[in-house]
Amino acid sequence: MSDDALLSVHDLACARGERLLFKDMNFSVGAGELLLVQGGNGQGKTSLLRLLTGLARPEAGEIRWRGEPIRQCRDQFHAEMIYLGHANGVKDDLDPIENLRFAEGLQGRAFERERAIDLLQRLGLARCLDLPCRVLSFGQRRRVALSALLLADAKLWILDEPLTGLDVHAVALMEGLIRDHLAAGGMAVATTHQALNLEGVQVQRLLVGNVAIPEMA
Amino acid sequence: MNLYTFSSPVNFYQLSGKLIPWFMGGAVVLGLLGLYIGFFVAPTDFQQSEAYRIIFIHVPTAWMGMFIYLVMAFWGAIGLAFNTRMSFMMARALAPTGALFTFVALWTGALWGKPMWGAWWVWDARLTSTLILLFLYIGIMALWSSIDDVKRGDRAGALLTLIGAINVPIIYFSVQWWNTLHQGASISLTKAPSMAATMLVGMLVMAFAAWFYSIAVAFIRVRGIILERERQTEWVKTILEND
Amino acid sequence: MGRFLLAVLRRDLTLAARRRGDWLIAQFFFVMVASLFPLGVGPEPNMLARIGPGVLWVAATLASLLSLSRLFSDDHHDGSLEHMVLSPEPTVLLVLGKSLAHWLIYGIPLLLIAPVLGIQFNLSWEAILILEISLLLGTPILSLLGGVGAALTLGLRGGGVLLTLLILPLYIPALIFGAGAVDGVIAGTGAQAHLSLLGAFLVLSLMIAPWIAAAALRVSLE
């Protein structure tokens with residue numbers, strides 16, 4: 001555990017209903033690092049991510065951001081963190097640009113239209129810019145959500161199965177995006193079932209189960 | 001034993017188990033005594049004749065109905081503020097008793113209303129707000145029953161109880177205000193004829209019986225909730241094996 | 001802070017504009033409930049004028065409840081609610097913005113329809129004016145308190161019916177003061193006291209309801 005860890009978890013325990021998913025979990029993630037959360041279905045990967053975002057309340061233990069419990073520095077933590085869950089957070093009735101505009105507005109930031117269009121084009125949505133997201137395919141909507149992620153410029157990405165529904169090109173694109181993000185000093189916590197090609201990235205693997213065994217890769 | 005002893009489910013389970021018979025016994029003794037005073041000792045009211053005797057049940061149950069709601073709001077607030085498991089369990093255990101008392105108060109109110117006002121139901125300020133109190137109880141219990149997750153249910157129920165508690169005085173005031181404007185039913189329970197001392201004693205004894213009963217029943221229910229929620233723990237397993 | 005509130009408002013208004021069908025249903029519901037009463041109690045003009053204020057107010061509360069169950073649930077389904085709660089801006093402001101948007105979308109149209117229904121119920125112009133003022137003060141209360149119910153019942157089975165059960169008792173003061181104001185004009189006792197009380201209840205709801213709704217939203221999302 002290094003001192004420059006921005007995100008650290010101390011003796012964390014999580015229960016769903018009456019079942020204890022994990023306890024005494026400790027790890028920390030520093031700048032430029034990726035934490036890959038692994039484990040079978042129903043072992044608590046998503047629950048762990050929701051704890052890290054602050055949406056859920058831990059059974060015991062504490063999560064700290066820059067050394068402060070996230071409940072005490074909520075505003076700052078939320079400003080530096082972005083979460084992408086199973087659902088995309090994309091409104092079907094709006095087109096991709098509008099979606100990004102409102103996503104930025106709801107984070108309390110000003111909207112940079114040029115940058116947003118640029119990002120959407122980079123993610124291969126150039127021809128869908130003025131279509132309501134309702135008519136887009138699942139993978140395309142996922143790409144809209146990823147554009148919102150990039151636009152937010154957050155330090156910490158928390159990604160729950162970011163590759164679901166993406167084709168081979170998009171997976172390669174996503175790998176590139178994660179590498180760029182980490183190279184620029186960002187950090188990420190992600191769950192995935194798929195193998196990721198992450199050469200040159202500092203990866204930490206965490207196995208979530210009844211007993212947590214953090215092991216360095 | 002210190003202040004926190006009571007707030008741990010294990011200790012509470014054991015302590016309440018010893019107390020329940022006492023409270024239950026007290027409720028029976030006081031209840032019989034109160035009814036005896038109410039039905040045989042207290043003098044016949046010259047205005048209302050024998051029918052008034054139902055107030056020995058009506059008034060204490062109406063008190064308890066309101067009081068238990070406040071206690072639930074108190075436990076809910078404590079639970080939300082300090083995240084104490086026991087207080088949510090207490091709130092859950094109290095609600096059915098509170099609803100029952102409120103219902104009995106309405107029922108006996110109707111029985112009293114028939115000879116007094118010539119109608120089973122009058123839109124009197126008190127009756128109306130008691131009815132709304134019953135709606136609030138039912139709403140809270142309905143919310144609990146439709147949330148499967150225990151923790152979410154506890155907190156959601158507590159929040160609803162709290163906003164209800166803030167609203168109850170306003171509702172009471174608004175109903176009274178509405179009542180004074182619609183003069184149709186101006187006979188009010190507040191203008192009960194001056195009470196004889198024995199009547200007051202009878203009512204107080206019955207109120208204590210209702211208290212004891214509520215505590216006993218709430219304890220029994222809390223013990224059930226504790227066993228259900230802590231069934232993963234060692235101490236519950238030991239208890240269940242010994243029984 | 002103001003920018004965030006404005007963003008929430010603009011977003012919800014845009015979304016409502018894209019789904020006019022849903023919006024029309026709530027307004028038709030209001031008209032229909034109010035129109036059923038003369039059919040049920042008979043067309044005698046004096047009686048209609050007597051029950052009119054109460055009927056219109058009850059219909060308005062029911063119409064607002066109809067749309068409230070979707071206040072958060074649509075955003076919950078597509079995941080955008082989590083993004084909003086994870087915004088650095090306070091959740092209280094989010095709830096306030098969404099309640100305000102609900103009022104603009106569903107409350108204001110009730111104000112526009114009410115005079116027509118008032119004529120159907122044989123109300124005098126003065127009574128209709130007071131009805132408008134009472135709805136203007138009262139409908140935001142419905143949106144604010146309804147926000148608490150919508151947050152508490154988020155994602156539950158039978159959430160819509162449960163919401164009605166939880167929230168209707170809390171609406172009672174608004175109903176009494178609102179309908180009472182119009183009654184007061186008709187009876188000649190004046191509406192001012194009622195309207196002042198309604199205003200006070202609005203201020204109180206504005207101060208308390210968003211906080212409880214925000215707490216409820218966090219509980220429901222856990």
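In this predicted model, helix H3 (residues 85-117) of chain B packs against H6(B) at an angle of about 135 degrees, with the axes 8 Å apart. (Axes are lines fitted to C-alpha atoms, for helices over the stretch in contact, and angles run from 0 to 180 degrees between N-to-C directions.) H3(B) and H6(B) are therefore oblique to each other, and their crossing is right-handed. On the H3(B) side, the residues making the contact include B:Met89, B:Met90, B:Leu94 and B:Phe101; on the H6(B) side, B:Ala210, B:Val217, B:Val222 and B:Ile226 are among them.

Some ground rules: this is a predicted model, where local features need pLDDT of at least 70, side-chain atom pairs count only at pLDDT 80 or more, and totals for chains, interfaces and linings use all residues. Residues are numbered from 1 along each chain as its sequence is written, while chains are lettered from A and ligands numbered from 1 in the order in which they are written.

Staying with chain B, take a look at B:Ala209, which lies in helix H6 (residues 197-229). B:Ala209 is buried, with 22 other C-beta atoms within 10 Å. (Buried means 20 or more such atoms within 10 Å, exposed 12 or fewer, and partly exposed in between, with C-beta atoms placed from the backbone.) Leaving aside neighbours within four places in sequence, B:Ala209 touches B:Ala27, B:Leu30, B:Gly31 and B:Gly34; a contact here means C-beta atoms, placed from the backbone, within 7 Å. The C-alpha atoms of B:Ala209 and B:Gly26 sit 6.9 Å apart, though 183 residues separate the two along the chain.

Now for chain C, which has nine helices and zero strands. (Helices are DSSP runs of H or I with at least four residues, strands are runs of E with at least two, and both are numbered from the N terminus.) A compact globule of 222 residues would have a radius of gyration near 17 Å, and chain C agrees with 18 Å. That radius is taken over C-alpha atoms, and the globule rule is 2.2 Å times the number of residues to the power 0.38. The C-alpha atoms fill a box of roughly 55 × 35 × 30 Å along the principal axes, and 53% of the 222 residues of chain C count as buried.

Chain C has a helix pair of its own: H3(C) and H6(C) are roughly antiparallel to each other, and H3(C) passes H6(C) in a right-handed crossing. (Angles under 35 degrees count as roughly parallel, over 145 as roughly antiparallel, 65 to 115 as roughly perpendicular and the rest as oblique; a crossing is right-handed if the near helix is turned clockwise from the far one by less than a right angle, left-handed if anticlockwise.) Here are the two pairs:

| Helix pair | Axis distance | Angle |
|---|---|---|
| H3(B) and H6(B) | 8 Å | about 135 degrees |
| H3(C) and H6(C) | within 11 Å | roughly 155 degrees |

Chain C also touches its partners. Its contact with chain B takes 23 residues from chain C and 24 residues from chain B, and H8(C) gives the largest share of the chain C side, ten residues. The contact with chain A takes 20 residues from chain C and 21 residues from chain A, with H1(C) giving the most on the chain C side, seven residues.

A word on confidence: chain A averages a pLDDT of 84, and 94% of its residues score at least 70. (pLDDT is the predictor's confidence in each residue, from 0 to 100.) Over residues 211-217 of chain A, pLDDT stays under 50. Where pLDDT is low, the predicted coordinates should not be read in detail.

Note on methods:
Contact = placed C-beta atoms within 7 Å.
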